[in-house]
Amino acid sequence: MAAVAASTSTAAAAVLMHRLPTTKSTHCSALPYLPPRFSAPAFSTSLKRLSESRRSSLLQIKASSSDETSTSIDTNELFVDLKEKWDAVENKSTVLLYGGGSIVAVWLASIVVSAINSVPLLPKIMELVGLGYTGWFVYRYLLFKSSRKELATDIEAIKKKIAGTVE
């Protein structure tokens with residue numbers, strides 16, 4: 001009788017233990033489950049062939065480029081050329097001032113952009129403004145042939161102005 005009672009209590013405990021929640025922690029995620037990866041044998045073999053052909057073409061390029069030494073960059077020649085250009089500059093302090101000012105301007109611009117990016121709604125508004133301006137630019141300068149010619153002449157005029165060959 002004691003054996004039967006022990007076996008029924010063991011069975012009841014097993015049933016209760018099965019129904020009780022376990023102490024394992026389950027992590028809930030707001031992300032949906034991704035479908036399983038599709039792996040087709042034809043795709044993997046074609047990918048393998050493509051990577052082998054790229055590898056062999058890279059090896060051919062490397063083998064052909066090692067024979068030619070005229071394409072290598074001579075660092076001494078590069079430094080000599082830079083030194084000649086620096087010596088040709090008349091107002092070195094202005095060049096250094098503009099260079100330093102441009103570095104400071106880029107640094108400040110990155111600070112401003114990161115501050116704007118930290119405001120919750122402002123980056124999306126800026127994206128909208130950028131998309132609007134891009135649409136306007138395409139419509140104004142790139143859509144029609146006459147406006148493309150106008151843009152090309154404007155760019156050429158700016159190039160001449162920067163280069164200092166304004167007539």
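Which residue forms a salt bridge with Asp87, and how far apart are the closest N and O atoms? In this predicted model, local features need pLDDT of at least 70 and side-chain atom pairs count only at pLDDT 80 or more, while totals for chains, interfaces and linings use all residues. Residues are numbered from 1 along each chain as its sequence is written, and side-chain values use heavy atoms, with hydrogens and water left out.

The partner of Asp87 is Lys83, with the closest N and O atoms 3.3 Å apart. A salt bridge is taken as a side-chain nitrogen of Lys or Arg within 4 Å of a carboxyl oxygen of Asp or Glu. Both Asp87 and Lys83 belong to helix α3 (residues 75-88), where they are 4 residues apart, about one turn of the helix. Helices (H or I, at least four residues) and strands (E, at least two) are DSSP runs, numbered from the N terminus. Asp87 is partly exposed at 47% relative accessibility, whereas Lys83 is exposed at 53%. For these classes, buried means under 20% relative accessible area, exposed over 50%, and partly exposed in between (1.4 Å probe, protein chains only).

The structure holds 4 salt bridges. Among them is the pair Glu150 and Arg140, whose side chains meet at 3.1 Å, N to O. Glu150 lies in helix α6 and Arg140 in helix α5, so this pair ties together parts that are 10 residues apart in sequence. Glu150 has a relative accessible area of 32% and is partly exposed; Arg140 is likewise classed as partly exposed, at 31%. Another salt bridge joins Glu156 and Lys159 at 3.5 Å, N to O. Glu156 and Lys159 are 3 residues apart in helix α6, a separation of about one helical turn. Glu156 is partly exposed, its relative accessible area being 40%.

Ser147 is placed in helix α6 (residues 145-163). With a relative accessible area of 5%, Ser147 is buried. A polar atom of the Ser147 side chain lies 3.4 Å from the backbone oxygen of Tyr141. When neighbours within four places in sequence are left aside, Ser147 is in contact (heavy atoms within 4.5 Å) with Arg140, Tyr141 and Leu142.

Leu142 is part of helix α5 (residues 122-142) and is partly exposed, at 38% relative accessible area. Together with Val138, Tyr139, Leu143 and Phe144, Leu142 makes a nonpolar surface patch of about 480 Å². Patches are made of residues with over 30% relative accessible area and no salt bridge; like charges are joined within 9 Å and nonpolar side chains (Val, Leu, Ile, Met, Phe, Trp, Tyr) within 5 Å. Accessible areas come from the Shrake-Rupley method with a 1.4 Å probe, and for residues only the protein chains shown count as cover.

An unreviewed UniProt entry carries the annotation "transmembrane region" for residues 95-119 and 125-143. UniProt positions follow the numbering used here, feature names are shortened, and annotations may be inferred rather than shown by experiment. In the model, residues 95-119 are 96% helix and 0% strand, with end C-alpha atoms 37 Å apart. Residues 125-143 are 95% helix and 0% strand, and their end C-alpha atoms lie 26 Å apart.

The protein chain contains 6 helices and 0 strands, following the pattern α-α-α-α-α-α along the sequence. Of its 167 residues, 3% count as buried. The chain exposes about 15,900 Å², of which carbon and sulfur atoms supply 68%.

Terms used
Polar contact = N/O pair within 3.5 Å; in protein donor to acceptor, adjacent residues only side chain to side chain.
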